[in-house]
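Have a look at the model first, and then read on.

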Amino acid sequence: MILEKKKTFNAFAARQGLRSTRQRDVILDVFLATREHLSVEELYLKVKASHPGIGQATVYRTLKLFVEAGLAREMMLPDGQTRYEHQLVGEHHDHLICTGCNAIIEFEDETIEQLQREIAGRHGFSLTAHKMQLFGLCPACQVATA
């Protein structure tokens with residue numbers, strides 16, 4: 001899967017007339033090596049740990065390219081923080097987001113997916129994409145606020 005994502009990005013870069021750079025390759029490797037939902041700062045710190053010569057602006061610009069290429073998806077959290085996760089066309093999951101600690105839990109549920117298709121169909125809507133984010137308190141935050 002990682003090799004496929006690298007090929008997807010390289011093809012995107014070529015279509016955009018962007019030359020291949022070692023810095024982008026490093027950032028992509030670090031990004032794809034994590035299953036976390038990362039902020040730009042968190043990704044930068046991970047990259048910096050092994051490649052201190054790569055700057056935060058480079059990480060930010062490269063992450064934006066990943067979004068344009070369809071390899072990353074932006075998520076705005078309730079605290080205003082933007083996080084990024086990797087994806088590829090055809091991959092899909094939804095999120096439970098804790099408004100207390102910003103924990104993110106990914107889930108898939110075919111019943112929900114089917115219901116969304118049925119609702120779209122009832123309205124004559126041709127569904128091309130969607131995202132579901134459910135907000136609330138995780139078990140730990142529920143205990144902390146009790």
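## Fold and surface

Helices (H or I, at least four residues) and strands (E, at least two) are DSSP runs, numbered from the N terminus. The model is predicted: local features need pLDDT of at least 70 and side-chain atom pairs pLDDT 80 or more, while totals for chains, interfaces and linings use all residues. Residue numbers start from 1 along each chain as its sequence is written, and side-chain values use heavy atoms, without hydrogens and water.

Some values for the chain as a whole:

| Property of the chain | Value |
|---|---|
| Accessible surface | about 8,900 Å² |
| Carbon and sulfur share of that surface | 56% |
| Buried share of the 146 residues | 37% |

Accessible areas come from the Shrake-Rupley method with a 1.4 Å probe, and for residues only the protein chains shown count as cover. Buried means under 20% relative accessible area, exposed over 50%, and partly exposed in between (1.4 Å probe, protein chains only).

Now to one strand: β4 covers residues 104-107 and includes Ile 105. Ile 105 counts as partly exposed because its relative accessibility is 43%.

As for contacts (heavy atoms within 4.5 Å), 51% of those in the chain with a separation of 6 or more are between residues 24 or more positions apart.
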